[in-house]
Amino acid sequence: MTESNHRIVHVALDERSVVRRSAEVEHERAVAIFDLLEDNLFRPDECPDSGPYHLHLSMEDNRMLFDIRDTADQDLSKVLLPLTPFRTIVRDYFMICDSYYKAIKKASPSQIEAIDMGRRGLHNEGSELLRERLAGKVQVDHNTARRLFTLICVLHIRG
């Protein structure tokens, strides 16, 4: 099994669990999916040599479901991840993103940079928490965790 098989080649988001999103959020979602598919490391512990993988993400109650499938879309594994530990980080991340999107319209470059540094810091914090919570279930690298955290945030938006 080559390292190239330990990767996600398709991502599907359960759109039933989300409502209308802003153009900025839609852009973040599209970029996260594009970047994730371009470069990722994804190795489920239950089926480490069954890749490459299709990943279907959805919300169930207050948990994120990682529905892992093979390229023929056959079920391989399901990982349920409680989102309670992410609640504060996601809330803070949304607030700082809102500030960032407002700032890019009228703030000075130094103000935008300061807000963006805070935004990246929270994003890294969420990504590391995701890696910790997936430990023993799915191995991911830092960049994969960052992109998956973005998708968790997108699916976390409720009406």
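Q: What does Arg-147 touch, not counting residues up to four places away in sequence?
A: In this predicted model, Arg-147 touches Ala-32, Asp-35, Leu-36 and Asp-39.

Q: Is Arg-147 buried or exposed?
A: Arg-147 has a relative accessible area of 17%, and the cut-off for buried is under 20%, so Arg-147 counts as buried.

Q: Which helix does Arg-147 lie in?
A: Arg-147 lies in helix H4.

Q: And how far is Arg-147 from Val-9, C-alpha to C-alpha?
A: Their C-alpha atoms are separated by 14 Å, and the two residues are 138 apart along the chain.

Q: Back to H4. How many of its residues are buried?
A: 11 of the 15 are buried, so H4 is largely enclosed by the rest of the structure. Among the buried ones are Thr-144, Phe-149, Ile-152 and Cys-153.

Q: What is the span of H4, against what is expected?
A: From first C-alpha to last, H4 reaches 21 Å, close to the 21 Å expected at 1.5 Å a residue.

Q: Changing topic: how much space lies in the largest pocket?
A: About 290 Å³. Helices H1 (23–38), H3 (109–134) and H4 (142–156) are the elements that each give two or more residues to its lining.

Q: Which of them gives the most?
A: H1, with 5 residues.

Q: Which lining residues are nearest the pocket centre?
A: Of the 14 residues lining the largest pocket, Glu-28, Val-31, His-123, Arg-146 and Thr-150 lie nearest its centre.

Q: How does the lining divide into nonpolar, polar and charged?
A: The lining of the largest pocket has 7 charged, 4 polar and 3 nonpolar residues.

Definitions and conventions
Residues are numbered from 1 along each chain as its sequence is written. This is a predicted model: local features need pLDDT of at least 70, side-chain atom pairs count only at pLDDT 80 or more; totals for chains, interfaces and linings use all residues. Side-chain values use heavy atoms; hydrogens and water are left out. On a 1 Å grid over the protein atoms alone, a cavity is a set of points where a 1.4 Å probe fits but cannot get out, and a pocket is an open set with protein on both sides within 12 Å along at least five of seven lines; lining residues have an atom within 4 Å of a point. Grid points are joined across faces, edges and corners, and a volume is the space filled by probe spheres set on the points. Helices (H or I, at least four residues) and strands (E, at least two) are DSSP runs, numbered from the N terminus. Ala, Val, Leu, Ile, Met, Phe, Trp, Tyr, Cys and Pro count as nonpolar, Asp, Glu, Lys and Arg as charged, and the others, Gly among them, as polar. The expected span of a helix is 1.5 Å times one less than its number of residues. Buried means under 20% relative accessible area, exposed over 50%, partly exposed in between (1.4 Å probe, protein chains only). Contact means heavy atoms within 4.5 Å.
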